[in-house]
Every structure is written in C-alpha cells, then in structure tokens.
Amino acid sequence: MKSYLLFKLISDKVFAFLFLTILSPIILFICLLIRIKLGSPVFFKQKRAGFLGRNFTIVKFRTMKNIRDHNGNLLEEKFRLTPFGSFLRNYSLDEIPSLLNILFGELSFVGPRALKYPAEMYNDYQVRRLECRQGITGWAQINGRNSISWDEKFNLDIWYLENRNIFLDLKILFLTIFKVILKKDINSNNSISMPPFQGNKKF
C-alpha cells in the first residue's frame with residue numbers, strides 16, 4: 001500500500017504539471033470567455049474537507065452568474081447557470097483549474113469527491129471517506145455521480161477506500177472520460193446539483 005500511495009502522489013503531481021502546461025492555451029481562452037460572458041471573478045473558490053478532514057481551497061472555473069434577489073441572497077442555481085456554464089460543467093471543463101490542487105498535493109486525480117461539508121457532519125462510517133486524498137473523479141462519480149443518493153455515494157467512496165489500487169484507479173479514469181463524453185449522470189434526478197447533505201450525528 002505504501003508503494004502504491006507514493007507512486008500515486010508522484011504521478012499525480014507529474015501529470016498535473018504536464019496537463020497544466022499542455023492545456024495552458026485552452027485555460028487562457030476559457031478565462032477570456034468567462035470574463036466576457038459571466039464577468040468577474042473568473043475562478044470559483046471554496047473551502048473543502050480534504051485528507052483527514054484538513055480544509056483546503058478548491059479552485060474551479062466559475063459557471064454561474066452572481067444574481068441576487070432584493071434581499072441580497074443568491075438565486076437558485078437554475079436561474080444563475082447559463083448555457084455557457086452548463087457546457088463547462090457537462091464536459092467537466094470547470095474542473096481544469098483543480099489541477100493546481102493536485103499539483104499542491106491537496107487533491108488526487110482519483111479519490112472520493114472533495115465536499116464542502118466538514119468532517120463533523122459525518123457519522124463514524126461516513127467520515128472514513130476522508131482517510132485518503134480526495135479526488136477530481138472517483139468510484140462514486142462513475143457509478144451514478146449526481147443521480148444517486150448520499151448514502152449510496154458514501155458506500156461507494158468507502159468501497160473505493162478499502163479496495164483501491166493502481167488498476168482500479170486506471171479503470172476509474174478511463175470510465176470517467178467515457179462518461180464525460182456521453183455526458184452521463186451530470187445532474188441529480190431533481191435539480192441541477194445534488195441536494196445539500198444534511199449531515200448525521202456521530203454514533
């Protein structure tokens with residue numbers, strides 16, 4: 001396991017650097033389009049719970065407008081997400097800046113999805129998903145993504161934790177590319193994004 005984890009960490013950083021270099025013209029072009037179509041800021045930043053519950057700031061391309069009601073509250077996503085933003089999400093282009101998080105060792109290419117919910121919101125079973133570095137894609141993402149329940153996601157995340165190896169990681173990466181091309185399981189059954197996780201008490 002130690003050799004696998006070391007290999008994964010090194011390969012993550014190497015490929016993140018290579019992809020950032022190769023994709024730099026596309027990154028600049030998307031930045032320009034976001035600035036024109038959505039305004040400023042270009043990047044979306046949010047605190048996420050990472051390995052062992054340590055917080056880090058994830059970086060993505062912005063996909064929604066900051067439209068607010070008369071009380072200053074942001075409107076629902078369906079009113080703020082533009083066709084351009086949907087395009088970025090559908091093909092996971094909004095995830096490209098997260099390569100920086102991989103380069104800094106905060107994320108992996110493969111692992112449980114990094115969520116905004118702190119470790120304190122999970123029960124003793126669910127919190128196990130934080131025992132490895134979180135990923136841009138993972139076992140739950142290729143087995144339903146936003147179309148499955150939170151309980152199903154946690155079960156898949158922990159199954160990955162207990163069975164992870166280099167061959168499983170390669171399988172997940174291959175199937176992720178396949179699903180992105182087909183635009184499968186992007187949204188939940190009832191909304192643009194997953195309904196918020198309400199949390200569970202520890203037991």
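I began with helix α6 (residues 150-163) and helix α7 (residues 166-182), which pack at an angle of about 140° with their axes 9 Å apart. The two are therefore oblique to each other; angles under 35 degrees count as roughly parallel, over 145 as roughly antiparallel, 65 to 115 as roughly perpendicular and the rest as oblique. Axes are lines fitted to C-alpha atoms, for helices over the stretch in contact, and angles run from 0 to 180 degrees between N-to-C directions. I listed the contact residues (heavy atoms within 4.5 Å): Trp 159, Tyr 160 and Asn 163 from α6, with Leu 168, Asp 169 and Ile 172 from α7. By class, I noted 4 nonpolar, 1 polar and 1 charged residues there.

The model is predicted: local features need pLDDT of at least 70 and side-chain atom pairs pLDDT 80 or more, while totals for chains, interfaces and linings use all residues. Residues are numbered from 1 along each chain as its sequence is written, and side-chain values use heavy atoms, without hydrogens and water.

I next looked up α1 and α2, which pack at an angle of about 60° with their axes 4 Å apart. This pair is therefore oblique as well. Leu 20, Thr 21 and Ile 22 of α1 meet Ser 24, Pro 25 and Ile 27 of α2.

I then turned to the nonpolar cores, sets of buried Ala, Val, Leu, Ile, Met, Phe, Trp, Tyr and Cys residues joined through side-chain atoms within 4.5 Å. Buried means under 20% relative accessible area, exposed over 50%, partly exposed in between (1.4 Å probe, protein chains only). The largest core has 32 residues, and Ile 34, Phe 61 and Tyr 160 have the most contacts inside it. Among the elements giving two or more residues to this core are α1 (2-22), α2 (24-37), β2 (55-61), α6 and α7. Its largest share, 4 residues, comes from α2. Beyond neighbours within four places in sequence, I found Ile 34 in contact with Gly 39, Pro 41, Val 42, Phe 61, Arg 62, Phe 84 and Leu 88. A second, separate core of 9 residues includes Ala 49, Ala 119, Trp 150 and Phe 154.

Last, I checked Ser 108, placed in strand β3. Ser 108 is buried, with a relative accessible area of 1%. Its side chain reaches the backbone oxygen of Val 110 at 3.1 Å. Leaving aside neighbours within four places in sequence, the contacts of Ser 108 include Lys 8, Asp 12, Ile 102 and Arg 133.

Key: Nonpolar A, V, L, I, M, F, W, Y, C, P; charged D, E, K, R; others polar. Polar contact = N/O pair within 3.5 Å; in protein donor to acceptor, adjacent residues only side chain to side chain.
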